[in-house]
Amino acid sequence: MRISVLCFDVSGNAAGRADLLARLLAPLGSVEVIGPRSGGGLWQPVASGPVRYTSVPARRMPGFVATMAELARRADGDLVYASKTRLASAGVGYLKRVAGRRPLLLDIDDWEVGFYLRSGFWGTVGRALNLRNPSGLPWTWLCERLTALADGVTVASRFLEHRFGGTLIPHVRDTDAWKPGCADAGEGRRLLGVEDKRIVMFLGTPRDYKGLDDLAAAVASLGRADVALAVVGAHAGSAAGKRVLARCPTAALMPWVPFEQVPALLSAADVVAVPQRATPDTVGQVPAKLFDAMALGRPVVSTRVSMIPEILEGCGLLVEPGDPPGLAAAIRKLLDDSAHAEALGARARERCVERYSFQAARGGLFPLIERVMAKSKGNP
């Protein structure tokens with residue numbers, strides 16, 4: 001079987017979910033990720049990975065109409081799997097379903113419209129009038145309204161499951177490849193330039209709603225010379241990096257790295273922090289890096305946002321979102337009680353293998369694909 005996975009921007013972190021879907025689907029046949037690129041190349045973390053990509057330059061409307069036609073032409077798989085309710089992915093998928101009679105799966109891992117609601121009424125109105133941007137609010141809203149055109153839907157969180165239905169496929173990880181001891185923690189420390197301190201790590205895209213500012217304030221408030229904050233995904237010259245250093249001047253910052261380096265970096269962490277804030281952006285979101293840490297058996301501190309309490313129940317520490325003192329207290333607890341931290345990490349690993357592994361995800365995804373393909377061939 002040939003499968004075309006549609007990604008609305010292969011130059012950005014949207015490629016992370018598309019790449020995951022492609023790796024999940026690999027046992028079924030030939031898989032290719034297809035989409036526009038807004039930058040000079042692929043998103044760095046996936047650029048050196050095993051997944052095959054085909055991309056075309058991104059354009060704005062009205063030129064994007066021709067881009068859609070080109071993407072539809074290149075998406076020639078027996079099954080089309082669109083990642084996210086965006087025009088360059090879901091929109092192209094709908095075109096293939098209606099005009100090309102190609103079976104279509106739609107994957108929803110974020111409430112995309114929610115990203116446009118953070119700026120209040122008038123800000124949302126302004127964005128609703130922006131028709132030139134193919135990734136803007138009007139086209140995203142339209143793609144969300146047309147989900148019934150898909151033959152099947154997969155979602156990444158309970159919020160999205162309640163909103164769109166479908167099969168739950170979280171941001172799972174390959175727990176056979178990613179496991180405790182699979183990488184050299186010493187190499188991770190050398191990459192970070194932190195070899196003689198306890199490490200509290202944030203790894204991910206440093207957007208405001210990720211709570212990185214809260215984490216920087218929390219670590220700084222510990223007042224401990226033996227503890228370092230390590231941020232992977234931001235450099236000192238970026239806006240996020242400058243804010244981190246303003247709150248925690250001793251933080252070690254590192255830009256995006258290939259997925260292959262993530263296990264070594266996380267293995268070096270004494271605590272992994274995922275301090276999501278409660279906003280329209282995060283109500284349906286589950287951070288993928290949560291599962292990275294769990295697969296590697298690292299102790300995790302996170303917040304009571306979206307599906308995170310269900311995921312970390314009994315195997316991680318939870319605090320209220322936007323609460324730096326509470327975050328600091330949880331981090332201190334894990335740093336001061338290594339046995340408790342190790343036990344939480346071990347339970348997180350067990351949970352990840354049981355519920356959030358490739359094997360667990362394929363148990364729900366592959367039967368869905370079988371049903372969709374059978375229906376497309378006229379079989380009951």
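Begin by selecting helices α9 and α14, where α9 passes α14 in a right-handed crossing, a crossing being right-handed if the near helix is turned clockwise from the far one by less than a right angle, and left-handed if anticlockwise. The model is a predicted one, in which local features need pLDDT of at least 70 and side-chain atom pairs count only at pLDDT 80 or more, while totals for chains, interfaces and linings use all residues. Residues are numbered from 1 along each chain as its sequence is written, and side-chain values use heavy atoms, with hydrogens and water left out.

**The α9 and α14 pair**

Helices (H or I, at least four residues) and strands (E, at least two) are DSSP runs, numbered from the N terminus. The axes of α9 (residues 212–222) and α14 (residues 324–336) come within 8 Å and cross at roughly 55°, where axes are lines fitted to C-alpha atoms, for helices over the stretch in contact, and angles run from 0 to 180 degrees between N-to-C directions. That makes α9 oblique to α14, since angles under 35 degrees count as roughly parallel, over 145 as roughly antiparallel, 65 to 115 as roughly perpendicular and the rest as oblique.

Next, show the side chains at the crossing: Asp214, Leu215, Ala217, Ala218, Val219, Ser221 and Leu222 of α9 meet Pro324, Leu327, Ala328, Ile331, Arg332 and Leu335 of α14, contact meaning heavy atoms within 4.5 Å. The residues of this contact between α9 and α14 divide into ten nonpolar, one polar and two charged, with Ala, Val, Leu, Ile, Met, Phe, Trp, Tyr, Cys and Pro counted as nonpolar, Asp, Glu, Lys and Arg as charged, and the others, Gly among them, as polar.

Just after α9, look at Gly223, which takes a positive phi of about 60°.

**Salt bridges**

Side chains of opposite charge can pair when their charged atoms come close. A salt bridge is taken as a side-chain nitrogen of Lys or Arg within 4 Å of a carboxyl oxygen of Asp or Glu, and by this rule the count comes to 29.

One to select is Asp208 with Arg243, whose side chains meet at 3.0 Å, N to O. Asp208 lies in the loop between β8 (198–203) and α9, and Arg243 in helix α10 (residues 239–247), so the pair ties together parts that are 35 residues apart in sequence.

Move to helix α3 (residues 64–74), which holds both Arg73 and Glu70, three residues apart, about one turn of the helix. Their closest N and O atoms are 2.7 Å apart; Arg73 is exposed at a relative accessible area of 55%, whereas Glu70, at 23%, is partly exposed.

Now select Arg17 and Asp107, whose side chains form a salt bridge of 2.8 Å, N to O. Arg17 is in helix α1 (residues 14–25) and Asp107 in strand β5 (residues 104–108), 90 residues apart, and both are buried.

Finish at Val155 in strand β6 (residues 152–155), which is buried at 0% relative accessibility. Leaving aside its neighbours within four places in sequence, Val155 has contacts including Arg17, Asp107, Ile108 and Phe164.

Key. Buried < 20%, exposed > 50% of the residue type's maximum accessible area, 1.4 Å probe, protein only.
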